[in-house]
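The entries below follow the order in which I took them.

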Amino acid sequence: MAIELDIQKNFKGFSLNVKLKGQNGAMGILGASGSGKSMTLRSIAGIETPDSGKIIINGKTVFDSQAKINLKPQERRVGYLFQNYALFPTMTVEKNIACGYRGNKSELSQKVADYIKRYHLEGLEKHLPSQLSGGQQQRVALARMMIGEPEVILLDEPFSALDGYLKDILQRDMQNFLKDYKGDMIMVTHSRDEAYKFCSQLTLLHNGKEILTGETREIFGNPQYLETAKLTGCKNFSAVQKMGSHELYALDWELLLRTEQEVTEDITHVGIRGHWMRPADAAGENTMEVQVEEYIENTFEHQYLICNKAAKESGTLWWMCQKKNFQETPQENVPKYLYFPPEHVMLLKK
Amino acid sequence: MGEFLSEINWSPLWISLKTGVVATVIAFFLGVFCARKIMKLKPGARAVLDGILTMPLVLPPTVAGFCLLLLFSLKRPFGSFLLENFDIKVVQTWTGCVIAASVIAFPLMYRNARAAFEQVDVNLIYAGRTLGMSEGRIFWKVIMPAAGPGIASGTVLAFARAIGEYGATSMLAGNILGKTRTVSVAIASETAAGNFDMAGFWVVVIILISFLVVATINIVSGRGMQTRRWI
């Protein structure tokens, strides 16, 4: 069970060039808007045709420009969950779900009833999509996709149109429904949180190119590249000068840093996540004297835009600190120093 | 009044309605077919073909009538071919009425269908494909219902245009009472003959039918969607 693809497609001013090798389970494609992630997903489903390349799903070649193979979407057995769900507006819930069924006609009504139950849609059989809530619509779309027993399912930004509370509920629902699914899943998203939650393996896209593929945890811990670090949500970067095998000088912060990883010659930048920096009482190794430039109060955390007090022209850094309650203002308890734990200092290439 | 009504020859009304119905059926399938085909074309070819298909709407109907005469005249190749091989006569016959009305009504059907198709979320089509539905099933079960209001108003407009057609019909089919004289042709010839009562009567009939048609469109296209008011 695996997906393999290597596709190219050219547009005006943009070219897509993606190589992917998915293993079993849940894979995520993370990228900014316009990075080509939806195009990649659509190519796998057969809705979009690449200019050249190859797509193999579970050993079956569904697209090969050289061998002139291009299976219709109908023949690929790929489920696709659209961002707006694309439910058929004039059909009832029941009829929508029946559209996805591919098996023997005599079992149709039994199967549909089965899936209506499985996705908690009882009582809504005769409703039109416009009469359903966002959560119900998503369940109909899932049921309609799953009743065809697809070998691979593709989720295209399934939560990006939703707001806070509903989003959390639907994410949990979706995780529950997908638990029993035996096939592979690929999810496209621009949200690092969704990627982290749903996918054990991640591929990062930037400007139509794949820059990094690997285990999700590993990628978040060690993104390797400046662009991938940005995609995973890191906000603090500085250009570096190598000082030793485990030591570097952060030029933008004017700060000497000891690192856990070895500093190799190709390292050009250093990054640290705002959540991992810790307050410290005294100056010392890997610590920076804090000067706050700006306070930003978030719902559950304070954010500080800080710079190095000891430096002449320091770049700014973000530091995030959990709130204890809503009365606390960000101006209270500002530490004098911040500590950069060596194990959290990320070494990055361009 | 009773005397006036009893003397009326109702055939123009029946001919108009019969022509309207048949022409609408033809325009419906042809219009929907062409709109579907054109949705699959690339922008350049689409613009050209769309221009050609819309011509009967913008040209004077007499120009359409003239072209149809050229095509179907028995003295010309295609017209004589039809007569010799299939025994079909178009000029000065009811068939001519239908063809003229169909040609004139076609662009209304086609343009409305196309506009309605363009409003349909293309993801619905893609969803149908990934679900394994055949293209035909997607078209008739998903796209046509989703485009329903637009298609319906196109059909009604085409019908209205077809029953009111005058220019092309009078040129191709002529003015034979009981055979090709439709209501609009009757109005023209009664007026020319100075029978203003009769012409006026047909005018009232046409106004009534037209109003019914417009009201029907409003009801049909208003159904299923929220009527927006500007307040």
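I count two strands as paired if DSSP finds at least two bridges between them. Helices (H or I, at least four residues) and strands (E, at least two) are DSSP runs, numbered from the N terminus. The model is predicted: local features need pLDDT of at least 70, side-chain atom pairs count only at pLDDT 80 or more, and totals for chains, interfaces and linings use all residues. Residues are numbered from 1 along each chain as its sequence is written, and chains are lettered from A and ligands numbered from 1 in the order in which they are written.

I looked up the strand order and found an open sheet of five strands, 16-20-17-18-19, in chain A, with antiparallel pairing. The edges are strand 16 (278-280) and strand 19 (317-322) of chain A; each has a single partner strand, so one side of each has no neighbour in the sheet. On average, neighbouring strands here are turned by 50° against each other, direction ignored. For such angles, axes are lines fitted to C-alpha atoms, for helices over the stretch in contact, and angles run from 0 to 180 degrees between N-to-C directions.

I then checked one pair in detail. Strand 18 (residues 301-308) of chain A runs antiparallel to strand 19 of chain A, and six bridges join the two. Tyr304(A) has Trp319(A) in strand 19 of chain A as its bridge partner.

Strands 13 and 14 of chain A are joined in the antiparallel sense by four bridges. Opposite Glu247(A), I find Arg258(A) in strand 14 of chain A. In the loop between strand 13 (247-250) and strand 14 (255-258) of chain A sits Glu254(A), a residue other than glycine with a positive phi, near 50°.

**Entry: another positive phi**

Glu149(A), again not a glycine, has a positive phi near 45°. I located Glu149(A) in the loop between helix 4 (134-146) and strand 8 (152-156) of chain A. With 16 other C-beta atoms within 10 Å, Glu149(A) is partly exposed.

**Entry: strand 1 of chain A and its partners**

Strand 1 (residues 3-11) of chain A pairs with strand 2 (residues 14-22) of chain A in the antiparallel sense over nine bridges. The two strands form a hairpin with two residues between them, and Gly13(A) in the turn has a positive phi of about 75°. Ile7(A) is bridged to Val18(A) in strand 2 of chain A.

Strand 1 of chain A is also antiparallel to strand 4 (residues 52-57) of chain A, over six bridges. There the partner of Gln8(A) is Ser52(A).

**Entry: nonpolar cores**

A nonpolar core is a set of buried Ala, Val, Leu, Ile, Met, Phe, Trp, Tyr and Cys residues joined through C-beta atoms within 7 Å. The largest has 113 residues, and those touching the most other members are Ala143(A), Leu154(A), Ala100(B), Ala105(B) and Leu172(B). Helix 6 (residues 94-119) of chain B gives the most to this core, 15 residues. A second, separate core has 29 residues, among them Ala229(A), Cys234(A), Leu257(A) and Val290(A).

Chain B has 12 helices and zero strands. Of its 231 residues, 40% are buried.

Contact means that the C-beta atoms of two residues, placed from the backbone, lie within 7 Å. Chain A brings 18 residues to the contact and chain B 14. On the side of chain B, helix 7 (122-130) and helix 8 (135-146) are the elements that give two or more residues. Helix 7 of chain B has the largest share, six residues.

Terms used
Buried ≥ 20, exposed ≤ 12 C-beta atoms within 10 Å, placed from the backbone.
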